[in-house]
Amino acid sequence: MAKKGCKDLPDECWELIFNKLHQRHHSLLESLSLSCKRFLSLTNALRTHLTIVDPRVFPVSVLLNRFPNLNSIHLSCSRNKDTFNLTLEPLDLQRMTKDVAASDLNLESLSFSGTRLHLESLRMLGSRMKNLKVLMCSELHTLRDLELADEFEARSPGEVGVTDTGIEVLSSKLKSLRKIDVSGNEFLTDYSLITLSTNCIYLTDIVLCHCSFTNYGIEFVMRNSLNLSSLSVEGIEFGEFDEHSLCCARNIATLEIYTPSVPDEFLHLLVKAGFPLKSIHLEFSYFLPSFTLSGISSLLNKYRSLECLSLAQTYFLTDETMSDLSQCLSALVTIRLSFCYNLTESTFFTLAKNCPLLENITMESANLGGGDRAIEIVENPQIKYLNLEYNQNLSDECLAKLASVCPSLEVLDVSCCMGITEKGIADFLKTGSKIRKLCIEECRGIKNIRNGFELSELAFIGAAKSGINDDGLVVIGNRCHGLLNLDLDGCLGVTTVGLKEILTNCKRLRKINLTGCLNACMETVDWMVFSRPSLRKIILPHSYLPSKSQRQLFLHHGCLVLSE
């Protein structure tokens, strides 16, 4: 009777059930799609994003017909001649874009990576995909002014890349442009910013990193782009910034500054401007900041509704000063305090106590484990993400205290924390039942996560160059049945014995990285592919890469085998 009722369940009900699974991870639908044609059709309709590794293996037209509700497509094609996904020829790309343009899909996002994109392909897509909102073209070294403009209007097409001429024509044709990232185009000058700001009055997001812009260009944008809400700048000197320009930019909610020179005077101007700031990033890479505690205190006191704060390499911050500043951060959701060497676990406990909405904490290269004062420890169930990389003094005991504060933690990264042992990780996992991602890279003292209850939510383990060995893989296989991604790059204690345990017990495993696993016999790659149908990607040491015909066979079975 129950079986009959299940059979008669309408498609709408199945869609609701499958949607819940799809929200957790799309791989959960694979086994359902194999059970019957009805479920295959329903699960196909749920997919909205598709990444195409090589359209020469599976015709794009077939894939587009199979997934009728796609709104986002990414074509990824590596230039590495030693991998199977070789760079496409122009004819292949032309055929692919023709298939996309001819489909009935209502695409909103389309991206190309590592491919040769030509003007005719762009025209074809632009004429058919009227609702396309996002077009991303990365690693296209052949992109020039000619590809940004109609060839009859490009006055001086640059042979070396995108120049002011290309941006001028682009901005004149895309007057409704909202977001643009011109990072890495060293031939652009302030003239590009002037034409963008003048022609594209709806601009909301601008990213300007690794370019040759000056204060004049940035100030022009802030004065004239009245809808600007997000600005990311690198390399600009803010010592003599125009106050009037800041006052005109009334809608800036996100400000990211990557430069060695941000004096207190500029921070005081931000206070006067009264932006609706929700997110601010002040990062300096190898330089020390030019502002002081007074400047940052004034800024944070003004913007008490700040949700995201990043202060990298701010040497004057101490546990005491952070205790005072935290009083202004009650609305904070994300904080990054990287390379703040004077901050210890006391700051962590203070933030957890005074910032009740805090979800993400990054304190890489700090001094966690180096504190010596007692402080009240208050549980904060909102904290989901914790990045503690390169904390050399972090011990098992300190990690246990941090874990007690975060009962709902989903992501933990303790990579390069040499003081952590497998006991510390095992004790953490006793309280970390909701953990989804664990990173223990270069933790040589961790060979095992030890036995215990099943870690049903754990989907990713990054253990590159750690001490994980075959015994550790046996335990992972026994405890992490839902594992999807395992990175074992450089784990010399891993052999074929441990790999067989993982592949036998982790029946959902989709990706495994074996680069640098020099003691594992890679002659069993075919066994790996055919014994674990869920596998979609295997990364091997270069010397073990199978032949092209073998890789084609693996790809036809749904698994990409390559070396990196």
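The structure is a predicted model, in which local features need pLDDT of at least 70 and side-chain atom pairs count only at pLDDT 80 or more, whereas totals for chains, interfaces and linings use all residues. Residues are numbered from 1 along each chain as its sequence is written, and side-chain values use heavy atoms, with hydrogens and water left out.

The chain contains 22 helices and 20 strands, where helices (H or I, at least four residues) and strands (E, at least two) are DSSP runs numbered from the N terminus. Of its 564 residues, 50% count as buried; here buried means under 20% relative accessible area, exposed means over 50%, and partly exposed lies in between, with a 1.4 Å probe and protein chains only. The accessible surface of the chain comes to about 25,900 Å², and 52% of this surface belongs to carbon and sulfur atoms, the areas being computed by the Shrake-Rupley method with a 1.4 Å probe, with only the protein chains shown counting as cover for residues. A contact is defined by heavy atoms within 4.5 Å, and among contacts between residues at least 6 apart in sequence, 69% join residues at least 24 apart.

The buried residues are N215, G217, I218, E219, F220, V221 and M222, and they pack against α10 (190-199), β6 (205-208), β7 (230-234) and α12 (243-248).

A cavity is a set of points, on a 1 Å grid over the protein atoms alone, where a 1.4 Å probe fits but cannot get out, and lining residues have an atom within 4 Å of a point; grid points are joined across faces, edges and corners, and a volume is the space filled by probe spheres set on the points. A search of the whole structure finds two cavities of 30 Å³ or more, and about 50 Å³ of space lies in the largest cavity. This largest cavity is lined by 13 residues, of which M222, L231, F238, L255 and F266 are the closest to its centre. Two or more lining residues come from each of α11, β7, β8 (254-258) and α13 (264-273), and β8 gives the most, with three residues.

Side chains of opposite charge can pair when their charged atoms come close. With a salt bridge taken as a side-chain nitrogen of Lys or Arg within 4 Å of a carboxyl oxygen of Asp or Glu, the count comes to nine salt bridges. One of them joins R38 to D11, with the closest N and O atoms 2.9 Å apart. Because R38 lies in helix α4 (residues 37-46) and D11 in helix α2 (residues 11-24), this pair ties together parts that are 27 residues apart in sequence. R38 is partly exposed at 31% relative accessibility, and D11 is likewise partly exposed at 31%.

A second salt bridge is formed by R450 and E422, whose closest N and O atoms are 3.9 Å apart. This pair links distant parts of the chain, with R450 in the loop between β15 (437-439) and β16 (460-462) and E422 in helix α18 (residues 422-431), 28 residues apart. R450 is partly exposed at 38% relative accessibility, as is E422 at 21%. Within helix α18, the side chains of D427 and K423 meet in a salt bridge of 2.8 Å, N to O, and the two residues lie four residues apart, about one turn of the helix.

Two loop residues complete the description. S408, in the loop between α17 (396-405) and β14 (411-413), counts as buried at 9% relative accessibility. Not counting residues up to four places away in sequence, S408 touches P381, I383, K384 and K434. D489 is placed in the loop between β17 (485-487) and α20 (496-505) and counts as buried at 18% relative accessibility. Leaving aside neighbours within four places in sequence, D489 is in contact with A464, K465, N513, T515 and G516.

Note on methods: On a 1 Å grid over the protein atoms alone, a cavity is a set of points where a 1.4 Å probe fits but cannot get out, and a pocket is an open set with protein on both sides within 12 Å along at least five of seven lines; lining residues have an atom within 4 Å of a point.
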